[in-house]
Amino acid sequence: MPEIMMLSVAMLASIAGMGWLALAMEAHWGQVFGPHAQRPRTIRGLRVGGGLALALSLGLCLGADHPSMAALVWIMTLAAGALAVAFTLSWRPGLLRVLLPGI
Amino acid sequence: MRITGHHPLWRIAAAVLGGYAFTWGFIALGMAGAFALGMSFHDAEHLTAIIGFLIYLVLFLWAFAARSLARVWAVTAGGALVMAGAASLIQHQLT
Amino acid sequence: MFQSFRLSMAWLHTWFGLTLGFVLMVVFFFGALSVFDREIDRWAVPQSRFEPQPIPSFDKILRPVFEQMQPTQEAIAEMAPRVNGPMPETYPVIERMGAYTTHRDPVLNLFIGFDVPNAKDPEEAIWAYRTIDPRNGASLPDDRLKIGSEFFYPLHYSLNLHWRDIGTWIVGSAALVMLAALVSGVVMHRKIFREFFTFRPGKTSQRSVLDLHNLTGVVALPFHFFFALTGLVIFAGIYFPVGHTQLDPLHEMSERLEAAETGLPHDRAGVAAPLASVDAMVADAQRRWHEKGMAGEVGFLTLQHVGDANGYVSVYRAGTDRIALTGEGIHYKAATGELLREDPAPGFVDNLNEFLTGLHLQHFRHWLLRWLYVLGGLTGCVCIATGFIFFVEKRKRQHAKQGIQGARLVDALAVTTVTGMVLAALGMLIANKLLPDSLPAGWPPRGDLEQYAFWGSWLLAFIHALARSGPVAAGRLSPAWAEQCRAIAVLAPLAVLLNWIITGDHLLRTLSALYWPVAGLDLCLLASAGVALLAAAKLKRRALAAPAIDTAKREAAHA
């Protein structure tokens with residue numbers, strides 16, 4: 001995969017990972033899907049999925065660049081992903097439904 | 001406003017000046033000591049500077065959190081004198 | 001003095017953050033702009049709008065330019081107090097000369113240092129500089145200020161106050177306070193994980209501002225921490241000059257040992273010698289890098305003890321593929337071109353130090369990471385600015401009741417460092433385009449006038465913020481915020497328009513030619529105008545709504 005593709009997917013994986021980690025929290029789940037409670041299994045699944053997505057993002061960064069550079073790129077995509085998720089939650093929380101299309 | 005022993009200025013002075021003096025002492029002793037043990041001068045300079053700024057940060061915070069301001073002054077000023085003195089001694093031995 | 005650890009940290013965070021936060025705003029904002037300093041240079045100096053170039057042939061292009069270079073009258077006058085007797089008439093002996101470039105530089109910077117025999121410090125040389133077009137060796141007019149790399153960039157680490165490095169010391173204290181504010185902020189923040197993604201713009205302004213302060217502080221915490229720390233490490237030699245004061249004798253000794261070990265002569269031999277082909281040495285260095293599998297552009301080329309039998313040439317690699325500023329320097333005997341030394345692979349400490357300083361200085365080629373750094377820097381600005389606004393929001397009603405001017409002054413300073421700073425930068429860019437190509441005789445140099453425009457615009461913004469801060473003393477919102485936002489919305493497109501009129505490079509042309517340095521800055525200027533308009537509209541709505549809420553509260557309290 002060319003570098004630019006890897007880095008784009010890494011960026012998307014960071015955003016999605018942060019989004020799933022946010023949805024694992026009751027308050028943010030409520031903002032997106034309404035006030036019905038999640039089941040413990042869903043919470044665990046979201047946390048694992050979020051963690052895996054962030055790990056995938058790291059893997060892609062390492063694939064694209066020298067490790068010293070990849071570490072920085074990854075940490076910065078985490079910050080960008082968290083900001084993107086936080087601002088989406090405060091203005092258009094419904095948009096995060098794309099992260100769980102089945103529900 | 002009277003400046004008594006409990007005035008924040010004393011804390012600020014301990015944090016800024018005491019912390020600086022202690023860090024200076026640490027960097028001097030670290031550089032001289034590491035050089036004496038065979039590290040190159042510039043490596044020793046860089047390594048002690050990186051650690052030194054973290055030490056300065058910890059001392060800075062501690063100066064505000066510590067209950068006894070006298071202890072802060074004792075550690076920072078005392079440590080600075082001892083370490084800077086030791087650094088000069090090592091230098092004297094080497095040159 | 002404090003009842004608990006948490007309270008001591010809160011005191012530290014509030015008061016140190018308030019006093020040095022204004023400096024930190026400058027550091028973070030102009031630091032973020034410095035990520036694209038070379039691109040801002042292209043916008044400011046239209047003669048330099050072409051593609052980045054590798055270092056050209058030394059023998060054909062650089063050597064004739066170096067042979068013409070002489071110290072300027074200003075440099076001679078500046079050095080005069082540091083010599084015994086009068087300054088020399090001519091400067092025949094060249095101690096050091098060289099060229100420096102990066103993968104983003106179309107133009108090439110040259111420097112040359114001449115020996116001054118009667119200098120009080122025998123090591124001190126007098127320096128001359130020149131910027132050339134590396135394609136043909138033509139010199140650029142030397143009154144052109146490179147606004148990005150020569151003004152915004154040094155502003156972010158020295159505030160451009162050079163007297164006894166006072167600016168660098170102020171920025172250093174601010175960086176230490178930034179580190180302390182990050183640690184104390186984490187201590188104060190009770191719900192760091194529970195509120196990791198939380199921003200509630202609909203809540204009271206005090207609450208939503210605190211949300212934004214926490215959010216921007218926490219998500220970019222590693223960025224903030226490492227940039228403050230590495231900034232200190234880069235200037236460690238200024239903040240803790242141990243090796244040049246207390247341990248100077250040890251330093252001298254180590255330098256003598258080092259010169260003996262590397263075989264690179266520390267002094268001139270006093271015997272004249274010719275210069276062999278430098279191009280051949282550069283080609284040899286590139287071949288050696290290539291064999292090690294490293295990208296082979298030259299970033300830095302220096303000649304030491306020029307014209308002397310002890311002269312040597314050092315060729316350094318441009319480190320574009322690593323974070324570390326890897327030089328992989330290779331040194332040749334100037335007279336013969338014979339290889340003197342290849343720098344050994346860096347050790348652990350070197351690697352650590354170069355990684356830390358390199359991640360801050362960013363010589364690498366990585367556009368995504370550059371933009372993420374801009375995001376990090378602007379996130380830092382939002383964090384500090386919301387800190388000020390929280391300070392004001394928390395206190396302004398109480399100060400209004402007690403008749404204290406504190407909140408009012410802090411608010412005016414916050415306006416000055418948030419919108420005022422943007423206005424200052426815009427004022428400078430506009431002056432850069434409005435000043436005629438050749439100034440009338442007797443005027444100050446062009447670059448100086450541009451700097452006056454910067455400081456003048458900032459001063460005006462401060463006066464305006466102060467003059468319009470009255471409502472804050474009554475517990476309301478200062479109209480200066482919205483007014484300066486509108487000023488940005490007018491001035492930023494004006495800068496784009498002037499760039500079009502004066503240089504002919506409008507957005508359609510630069511975009512279709514994919515000339516990103518100029519197109520990118522124009523687009524960013526337009527984007528900031530858009531953001532400023534949105535902010536002004538939002539502030540207007542809030543100002544209209546605010547008195548209503550206040551009255552409602554008062555009525556509820558009376559009922």
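How many salt bridges are there between chain A and chain C? The count is 0, a salt bridge being a side-chain nitrogen of Lys or Arg within 4 Å of a carboxyl oxygen of Asp or Glu.

This is a predicted model, in which local features need pLDDT of at least 70 and side-chain atom pairs count only at pLDDT 80 or more, while totals for chains, interfaces and linings use all residues. Residues are numbered from 1 along each chain as its sequence is written, chains are lettered from A and ligands numbered from 1 in the order in which they are written, and side-chain values use heavy atoms, with hydrogens and water left out.

**Stop 1: all chains**

Colour by chain. Chain A and chain B do not touch (contact means heavy atoms within 4.5 Å), and their nearest C-alpha atoms lie 18 Å apart. Of the 2 pairs of chains in contact, B and C share the most contacts.

**Stop 2: chain A against chain C**

Select the residues of chains A and C that meet: 25 from chain A and 28 from chain C. Together the two chains bury about 2,200 Å², 84% of it on carbon and sulfur atoms. Buried area here is the accessible area (1.4 Å probe) that two parts lose on being put together, summed over both.

Next, pick out helices α1 (3-23) and α4 (67-91) of chain A, each of which supplies at least two residues of the side that touches chain C. Helices (H or I, at least four residues) and strands (E, at least two) are DSSP runs, numbered from the N terminus. The most comes from α4(A), with 17 residues.

By class, this side of chain A has 19 nonpolar, 5 polar and 1 charged residues. Ala, Val, Leu, Ile, Met, Phe, Trp, Tyr, Cys and Pro count as nonpolar, Asp, Glu, Lys and Arg as charged, and the others, Gly among them, as polar. Between chains A and C there is 1 residue pair in polar contact, both at pLDDT 80 or more. A polar contact is a pair of N or O atoms within 3.5 Å; within protein, one must be able to donate a hydrogen and the other to accept it, and residues adjacent in sequence count only if both atoms are side-chain atoms.

**Stop 3: chain B against chain C**

Move to chain B, where 35 residues are in contact with 41 residues of chain C. These two chains bury about 3,600 Å² between them, 80% of it on carbon and sulfur atoms. Salt bridges between them number 0, but 7 residue pairs are in polar contact, both at pLDDT 80 or more. On the chain B side, α1 (8-36), α2 and α3 (69-94) give two or more residues. The largest share, 16 residues, comes from α2(B).

**Stop 4: α2(B) across α1(C)**

Select residues 41-65 of chain B and 5-34 of chain C; the axes of these helices come within 8 Å and cross at roughly 120°. Axes are lines fitted to C-alpha atoms, for helices over the stretch in contact, and angles run from 0 to 180 degrees between N-to-C directions. In α2(B), B:Phe60, B:Leu61, B:Phe64 and B:Ala65 meet residues of α1(C) including C:Trp11, C:Leu12 and C:Phe16. This helix contact has 9 nonpolar, 1 polar and no charged residues.

**Stop 5: inside chain C**

The structure holds 29 salt bridges over all chains. For one, select C:Arg38 and C:Asp105, whose side chains meet at 2.9 Å, N to O. C:Arg38 is in α2 (residues 37-44) of chain C, and C:Asp105 is in the loop between β1 (94-100) and β2 (108-115), 67 residues apart.
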